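This report walks through one protein chain, starting from a single residue and ending with the chain as a whole. Please look at the sequence and the structure first.

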Amino acid sequence: DLVMLSSEPYPFKTAHKKDLKTCYPNAKIMLVDGEMFSWYGSRLIKAFAYFKALRLNL
């Protein structure tokens with residue numbers, strides 16, 4: 001399983017990641033740039049490369 005904690009609209013931090021790890025010990029938990037997931041417009045141009053980079057970190 002994979003859990004992505006977005007910086008937008010709520011700014012998840014490393015402490016949240018640690019807390020969730022206790023609930024989901026087998027999951028990969030990542031902090032991700034919320035602008036790439038939830039902001040529309042010109043950020044989409046950069047989003048595809050960002051998503052690809054995230055995939056490589058799995």
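Leaving out residues up to four places away in sequence, Met30 touches Leu2, Val3, Met4, Leu5, Leu54, Asn57 and Leu58, where contact means heavy atoms within 4.5 Å. The model is predicted: local features need pLDDT of at least 70, side-chain atom pairs count only at pLDDT 80 or more, and totals for chains, interfaces and linings use all residues. Residues are numbered from 1 along each chain as its sequence is written, and side-chain values use heavy atoms, with hydrogens and water left out.

Met30 belongs to strand β2 (residues 28–32). Helices (H or I, at least four residues) and strands (E, at least two) are DSSP runs, numbered from the N terminus. Met30 has a relative accessible area of 8% and is therefore buried; buried means under 20% relative accessible area, exposed over 50%, and partly exposed in between (1.4 Å probe, protein chains only). Asp19 is 11 residues from Met30 along the chain, and their C-alpha atoms are separated by 13 Å.

Ser6 is part of strand β1 (residues 2–6). Its relative accessible area is 15%, so Ser6 is buried as well. The side chain of Ser6 reaches the backbone oxygen of Glu8 at 2.7 Å. Not counting residues up to four places away in sequence, Ser6 touches Pro11, Phe12, Val32 and Gly34.

Glu35 lies in helix α2 (residues 34–38). In sequence Glu35 and Ser6 are 29 residues apart, while in space they are 8.4 Å apart, C-alpha to C-alpha. With neighbours within four places in sequence left aside, Glu35 is in contact with Ser7, Glu8 and Arg43.

The table lists the relative accessibility of residues discussed in this report.

| Residue | Relative accessibility | Class |
|---|---|---|
| Met30 | 8% | buried |
| Ser6 | 15% | buried |
| Glu35 | 27% | partly exposed |
| Phe12 | 31% | partly exposed |
| Tyr10 | 44% | partly exposed |

Aromatic rings come next. A pair of aromatic rings is described by the distance of the centres and the angle of the planes. Rings of Phe, Tyr and Trp (its six-membered ring) pair if their centres lie within 6.5 Å; planes under 30 degrees apart count as stacked, over 60 as edge-to-face and the rest as tilted. By this rule there are three aromatic pairs. One of them joins Tyr10 and Phe12, an edge-to-face pair with 4.9 Å centre to centre and 70° between the planes. Elsewhere, ring pairs link Phe37, Tyr50 and Phe51 into a cluster.

How many helices and strands does the chain have? The secondary structure comes to three helices and two strands, and from the N terminus on, the elements run β-α-β-α-α. Along its principal axes the C-alpha trace spans about 35 × 25 × 15 Å. Of the 58 residues in the chain, 17% are buried. Among contacts between residues at least 6 apart in sequence, 53% join residues at least 24 apart.

The last topic is charge. Lys and Arg count as positive and Asp and Glu as negative, with His and the chain ends not counted. The place of a charge is taken as NZ of Lys, CZ of Arg, CG of Asp or CD of Glu. The chain has 9 positive and 5 negative charges, and their mean positions are 8 Å apart.

Definitions and conventions
Polar contact = N/O pair within 3.5 Å; in protein donor to acceptor, adjacent residues only side chain to side chain.
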